[in-house]
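Keep the 3D view open as you read.

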Amino acid sequence: QVQLVESGGGLVQHGGSLRLSCAASGRTFRNYAIHWFRQAPGKEREFVAAITWGGGITNYADSVSGRFTISRDNSKNTVYLQMNSLKPEDTAVYFCAASSPAWRIVIIARSMDYWGQGTQVTVSS
């Protein structure tokens with residue numbers, strides 16, 4: 001069993017920045033690729049970003065490419081999502097999720113092995 005806990009969400013004005021954290025317990029991040037998804041009210045959960053075990057491979061949704069950066073600190077069992085130039089349409093609950101094997105990134109929510117509880121990000125217009 002892997003437990004994932006997101007933190008760092010909050011309220012920010014358009015153009016502002018936030019950094020989300022995803023902390024794991026139960027197993028090391030070495031065994032998993034970590035993904036971020038988000039879900040706005042009334043909308044489907046969508047892929048945001050992902051990173052492999054070594055951090056050498058990342059993937060981003062087109063909507064956040066160039067604005068968001070995902071990184072991984074395996075010594076702390078933590079993955080970060082740095083979000084810059086935030087827009088109102090970024091408002092959502094952000095979830096981190098883990099998938100195996102660690103070397104492969106997938107962008108389909110149903111392929112995830114473990115999920116965090118989510119953290120709210122609200123961007124004012």
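Start with the open sheet, where four strands line up in the order E1-E3-E8-E7 with antiparallel pairing. Bear in mind that you're looking at a predicted model. At the edges you'll find strand E1 (3-7) and strand E7 (68-73); each has a single partner strand, so one side of each is left without a neighbour in the sheet. Ignoring direction, neighbouring strands here are turned by 15° against each other on average. As a reminder, strands of a sheet pair through backbone hydrogen bonds, in either a parallel or an antiparallel way.

Now go along the sheet pair by pair. E1 and strand E3 (residues 18-25) run antiparallel and are joined by five bridges. If you want landmarks, find Glu6, which sits opposite Cys22 in E3, and then Ser7, which sits opposite Ser21 in E3. Moving on from E3, you reach strand E8 (residues 78-83): six bridges link these two, again antiparallel. A handy spot to check is Arg19, whose bridge partner in E8 is Gln82.

Side chains of opposite charge can pair when their charged atoms come close.

Asp90 makes a salt bridge with Arg38, with the closest N and O atoms 2.9 Å apart. Asp90 lies in the loop between E8 and strand E9 (92-99), while Arg38 belongs to strand E4 (residues 33-39), so this pair ties together parts that are 52 residues apart in sequence. Asp90 also meets Arg67 in a salt bridge, at 2.8 Å from N to O. Arg67 is in the loop between strand E6 (58-60) and E7, and Asp90 is in the loop between E8 and E9, so here the tie is between parts 23 residues apart in sequence.

Are these two partners buried or exposed? Both Asp90 and Arg67 are buried, and for Asp90 the relative accessible area is 1%. Arg38 counts as buried too, because its relative accessibility of 4% falls under the 20% cut-off.

That leaves Glu46, whose side chain meets that of Arg38 in a salt bridge of 2.8 Å, N to O. Glu46 is partly exposed, with a relative accessible area of 34%.

Methods. Residues numbered from 1 in each chain as written. Predicted model: local features only at pLDDT ≥ 70, side-chain atom pairs only at ≥ 80, totals over all residues. Heavy atoms only, no water. Pairing = 2+ DSSP bridges. Axes fitted to C-alpha atoms, helices over the stretch in contact; angles between N-to-C directions. Salt bridge = Lys/Arg side-chain N within 4 Å of Asp/Glu carboxyl O. Buried < 20%, exposed > 50% of the residue type's maximum accessible area, 1.4 Å probe, protein only.
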